[in-house]
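Please look over the model below before reading my points.

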Amino acid sequence: MNEEEKRQLKKRIQKKLLNNMTYKYNGKYPTYIKPEELTEEQLYRLTESKTFCMMPWTHLHAFPDGRAYPCCLSLTTHPIGNFRDQTMQEVWNDKPLRDMRVKMLSDQPTKECVKCYEQEDMGFFSMRNSSNKAFGHHITSVDTHTRDNGTYDEFKLRYYDVRFSNICNFKCRTCGPTFSSHWYKDEVKLYGPRSYPQITIAGRHKDDMWEQMQEHIPHIEQIYFAGGEPLIMEEHYRILRELVDRELFHVRLQYNTNFSELKFKGQDVLELWKLFDDVSIGASLDGSYARGEYIRKGQNWAETVENRERMLKVCPKVDFYINSTVSIYNVLHVPDFHREWVDLGLLKPQDWNINILQGPDYDRINILPQYYKDLAKEKIISHINWLEPQDKLTRATNGYKSLLNFMSQDSGSTVTETELSGLLQEFFKRNYVLDKLRDEDFYATFPEYADLKKYAR
């Protein structure tokens with residue numbers, strides 16, 4: 001970097017610091033460190049680099065089937081190990097993760113991180129951005145403890161996200177048996193006997209991941225609970241009890257839950273949440289009434305509403321937002337669903353997160369015919385006009401704007417119209433089979449798609 005480039009970098013960083021004096025959801029400046037404690041190069045990595053991410057230095061992620069990844073958003077075709085055969089410490093400095101670190105420190109893209117790059121191209125505040133913001137205060141250790149070959153000598157997990165198992169009480173349309181034990185029987189009916197059991201676990205034995213976690217508990221700053229369904233997993237409550245026993249109430253708790261069960265074996269999770277300083281509940285709800293029950297099979301809509309009403313009474317200060325996965329199923333319905341919950345007083349307009357489904361490809365919204373994309377665009381623009389003046393956090397508004405970008409640019413994909421049409425036919429085929437299997441009717445549940453059938457071959 002020459003002197004002029006350094007001067008320009010310094011000016012950009014000073015501007016960023018000024019813009020980040022107050023908290024902003026989409027602000028990239030790290031939350032837990034003062035600017036004078038970082039070098040310009042460190043600030044560049046955290047706020048301007050298109051490739052650097054703190055995850056390979058703070059976290060390891062485990063799928064319920066044992067596959068290891070640098071984070072939950074990593075491209076599934078590129079695991080960095082397998083916890084059925086390796087310990088977390090062995091994966092920590094194995095070649096795949098070392099290679100990622102080397103590339104990131106050289107400001108080069110990595111094959112594992114494609115989903116974040118895609119989200120950022122559409123205007124989303126990606127997991128990479130969020131990770132740099134939440135864990136950027138460890139970047140000095142990155143420089144101090146990372147060797148030239150990518151080995152990181154400090155093995156202290158700051159962020160914990162292990163999917164202990166695939167136990168789940170739902171079988172959502174856009175999911176499958178990897179993350180839902182409830183999906184297994186339908187999978188067998190669809191494709192015949194499977195080579196894996198109904199319930200899978202992440203480690204070498206049932207308590208393996210729990211036992212490996214013990215040395216990291218004093219260092220953990222944030223835990224993300226997802227599944228399967230975390231609120232019906234014994235391990236989830238085991239972790240909370242451990243944190244309570246150690247009085248580690250500062251640990252940030254984040255959830256992705258179907259929000260169906262708030263009590264488990266005599267334990268009320270609402271009472272536990274009240275004890276912690278920072279709890280954020282992302283409820284995976286994709287639609288209301290029959291639409292919601294169709295997309296997330298196993299959901300009882302009346303009980304979902306009752307759970308939210310009880311949460312408002314028992315622990316009203318716990319952060320709650322809806323994490324709505326937008327797919328071909330609900331892109332025309334999500335704005336109505338959002339407005340409905342605001343009108344019912346169940347959440348504030350800003351408490352909504354758009355999670356664009358990025359796979360499987362046959363459920364992505366970019367395979368829709370242009371007619372339906374235009375309908376969705378009109379509806380979303382109208383919704384943004386209602387939402388934006390009320391959305392101080394900007395998360396919800398930016399989510400919908402990014403959704404528009406995603407549709408208009410076909411997600412930046414090189415997929416041809418012929419290929420998109422093929423994926424749409426795959427959607428029709430799979431959906432038809434599941435409707436027969438579950439005695440459901442897509443067109444009766446989603447009348448807004450009445451004309452979609454004419455595109456089926």
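1. Terms for the elements come first. Helices (H or I, at least four residues) and strands (E, at least two) are DSSP runs, numbered from the N terminus. E306 sits in helix α14, residues 301-314. This is a predicted model: local features need pLDDT of at least 70, side-chain atom pairs count only at pLDDT 80 or more, and totals for chains, interfaces and linings use all residues. Residues are numbered from 1 along each chain as its sequence is written, and side-chain values use heavy atoms, with hydrogens and water left out.

2. Exposure of E306. Its relative accessible area is 49%, so E306 is partly exposed. The classes are: buried under 20% relative accessible area, exposed over 50%, partly exposed in between (1.4 Å probe, protein chains only).

3. Which residues form the negative surface patch? They are E261, E303, E306 and E309. Patches are made of residues with over 30% relative accessible area and no salt bridge; like charges are joined within 9 Å, nonpolar side chains (Val, Leu, Ile, Met, Phe, Trp, Tyr) within 5 Å. A charge is placed at NZ of Lys, CZ of Arg, CG of Asp or CD of Glu.

4. Salt bridges. The criterion is a side-chain nitrogen of Lys or Arg within 4 Å of a carboxyl oxygen of Asp or Glu. By this rule the count is 29. One of them joins R173 and E440, at 2.7 Å from N to O. R173 lies in the loop between β5 (171-172) and α9 (184-191), and E440 in the loop between α18 (417-438) and α19 (442-445), so the pair ties together parts that are 267 residues apart in sequence. R173 is buried at 1% relative accessible area. E440 is buried too, at 17%. A network of salt bridges links R173, K297, D435 and E440.

5. Another pair is D286 and R296, with N to O at 3.0 Å. D286 lies in the loop between β10 (279-283) and α13 (289-295), and R296 in strand β11 (residues 296-297), so the pair ties together parts that are 10 residues apart in sequence. Both D286 and R296 are buried.

6. E112 and K111 also meet in a salt bridge, at 3.4 Å from N to O. Buried or partly exposed: which is E112? E112 is buried, with a relative accessible area of 4%. K111 is partly exposed, at 47%.

7. Strand β6 spans residues 222-225 and is covered on both faces. Q222 and Y224 are buried on one side, I223 and F225 on the other. Strands count as paired if DSSP finds at least two bridges between them. β6 runs parallel to strand β4 (residues 159-162), joined by 2 bridges. Here Y160 stands opposite I223. β6 also runs parallel to strand β7 (residues 252-257), with 4 bridges. In that pairing Q222 faces R252.

8. S324 stands opposite I354 of β13.

9. Last, Q370. This residue is in helix α16, residues 370-387. Its relative accessibility of 49% makes Q370 partly exposed. Between the C-alpha atoms of Q370 and C71 the separation is 34 Å, and the two residues are 299 apart along the chain.

Key. Areas by Shrake-Rupley, 256 points an atom, 1.4 Å probe, with all protein chains shown as cover. Lys, Arg positive; Asp, Glu negative; His and termini not counted.
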